[in-house]
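Dear colleague,

Please look through it first, and then read the notes below it.

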Amino acid sequence: MAQSTLSQLFTVQESRNLQSMYNTGELEGVILQIKSKSDNLDNVQLNIAVLGDVGSGKSTFINAMRGLRSSDHGAAPTGNEETWMEPTKYPCQDLPNVQLWDLPGMNSFGFELNNYLKKVKFESFDFFIIVSQARFRENDGEIAKKIQEQGKEFYYVRSKIDNDAYSLKKQGADLNEGWRTIRRDCINNFQTVGVTPPDIFLISSFDLEEYDFLRLKSTLTRDLPSIKSNVLSLSVPKIMLDVTEPKRRMLMKRVWLLAILAGAVGAVPVSVPVPMSVPVPVPVLSVITIIGLTVAGRIYLQKQLGLSDKLLQSLASKVAKPSSVLKAEMNHRLPRKMPLAVTNVLLGITIVTCMITGIKYSFSPVMLSIFGAVSSFALTYKLLKDSLKDHLETVQCLVKSALSRD
Ligand SMILES: Nc1nc2c(ncn2[C@@H]2O[C@H](COP(=O)(O)OP(=O)(O)OP(=O)(O)O)[C@@H](O)[C@H]2O)c(=O)[nH]1
Ligand SMILES: [Mg+2]
């Protein structure tokens with residue numbers, strides 16, 4: 001089965017080294033190591049899945065890419081019956097470190113696309129070539145959507161174009177106009193299902209010098225480095241999840257401790273005396289404790305995760321990017337952060353309102369203590385847990401930004 005690029009990028013030992021570097025606070029070292037890998041992707045193997053409906057010409061296309069005919073030794077089996085039910089890889093001499101995977105027809109396995117995707121381990125492939133004959137198929141649109149949802153890329157191949165040429169000639173139609181119509185039709189179909197149209201190639205696996213076969217090969221050769229760096233960039237969250245996991249677990253314990261501390265203080269039923277102008281007392285100690293612990297906790301987490309202006313400046317010079325750009329890309333997710341911040345503020349207001357109401361209506365001191373403890377614990381825990389998640393995402397954004405070549 002295909003191994004994703006990520007799994008070959010770092011050995012188990014290298015991953016452990018990254019983890020321990022990160023544990024000792026060397027975020028910059030971790031980023032530079034990942035970057036040095038990303039600058040040397042030439043030897044990383046790329047797994048390209050060739051997929052399409054049964055009989056669309058996938059295997060014949062793979063043979064053509066390898067300079068073979070179907071009758072040659074080592075060629076993928078082809079034919080008019082459904083020929084292949086297991087994904088099989090074929091190296092491609094002209095494209096070093098590329099494996100072309102011949103997948104079973106997408107309408108195999110009783111037409112259930114999700115079942116098919118599971119069966120062929122869809123997510124393990126780095127790039128896709130959809131092969132379709134005669135007309136745009138429903139499955140083409142569906143699979144294209146799934147590919148783009150993963151953030152990956154694909155080419156669309158209209159196969160057996162020699163047959164189309166034959167039909168067009170028989171009807172006395174202009175071939176170039178015919179090709180334009182096919183391309184327009186493909187683009188419209190992709191747009192209709194909400195997919196950004198990919199590069200489209202009209203090919204015949206029998207007439208390689210005609211149509212778009214050679215253009216496909218040269219485009220793929222040209223695109224390989226950018227496909228690899230896209231795959232690496234998609235792998236960053238997984239790489240960083242592994243690298244930061246031990247530290248995340250350690251910091252979660254600290255979050256628990258701080259939340260327990262806030263809960264203990266929240267249990268003490270202290271409130272300010274009621275001035276004439278304020279109708280009810282305010283549970284001031286709890287509020288101050290929650291705010292204090294949360295602010296201190298956030299600063300502590302940020303420091304522990306290695307995020308600082310000093311790091312940005314030092315990293316900027318090493319990855320040849322202005323620190324302002326790194327900072328801007330790091331905070332790219334700000335709009336998504338806002339609803340969370342609003343939710344947390346609303347939660348805080350609700351808790352304080354409940355406490356004030358409890359005091360106003362003279363709830364028993366025990367009840368108020370329990371409520372104070374539970375709510376202080378819960379709010380502090382939630383704020384700090386969100387903050388940890390936020391900082392970890394920021395670390396990921398920073399790594400992505402340091403790796404990106406724009
Ligand atoms: N005219 C023409 N026929 C083609 C072309 N490519 C494939 N064929 C024919 O189409 C039939 C199916 O081709 P395959 O390559 O076996 O198709 P497949 O998609 O691998 O089929 P399955 O593995 O069964 O899903 C064979 O008879 C091929 O000879 C082409 O470019 N032009
Ligand atoms: Mg086949």
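What follows is a short account of what was found in it.

Please keep in mind that this is a predicted model. The largest nonpolar core holds 39 residues, and those touching the most other members are L27, V30, I34, M240, V395, L398 and V399. Two or more residues are given to this core by each of helix 2 (12-23), helix 3 (27-38), helix 9 (213-266), helix 11 (309-318), helix 12 (323-330) and helix 14 (365-403). If residues up to four places away in sequence are left aside, M240 touches L27, V30, I34, V395, Q396 and V399. There is also a second, separate core of 29 residues, which includes L113, F154, C186 and V195.

Helix 2 and helix 9 pack with their axes 8 Å apart and at an angle of about 45°, and they are therefore oblique to each other. Their crossing is right-handed, and the contact is made by L18, Q19, Y22 and N23 of helix 2 together with D242, V243, T244, P246 and K247 of helix 9. By type, the residues of this contact are four nonpolar, three polar and two charged.

Two backbone angles also deserve a mention, given that most residues other than glycine have a negative phi. K121, which is not a glycine, has a positive phi of about 50°; K121 lies in the loop between helix 5 (113-119) and strand 4 (127-133) and, at 46% relative accessibility, counts as partly exposed. Y211, not a glycine either, has a positive phi of about 60°; Y211 is in the loop between strand 6 (199-202) and helix 9, and its 26% relative accessibility makes it partly exposed.

With best wishes

How values were computed. Residues numbered from 1 in each chain as written. Chains lettered and ligands numbered in written order. Predicted model: local features only at pLDDT ≥ 70, side-chain atom pairs only at ≥ 80, totals over all residues. Heavy atoms only, no water. Core = buried A, V, L, I, M, F, W, Y, C linked by side-chain atoms within 4.5 Å. Buried < 20%, exposed > 50% of the residue type's maximum accessible area, 1.4 Å probe, protein only. Helix = DSSP H or I, 4+ residues; strand = E, 2+ residues; numbered from the N terminus. Contact = heavy atoms within 4.5 Å. Axes fitted to C-alpha atoms, helices over the stretch in contact; angles between N-to-C directions. Parallel < 35°, antiparallel > 145°, perpendicular 65-115°, else oblique. Left-handed = near helix turned anticlockwise from the far one by under 90°. Nonpolar A, V, L, I, M, F, W, Y, C, P; charged D, E, K, R; others polar.
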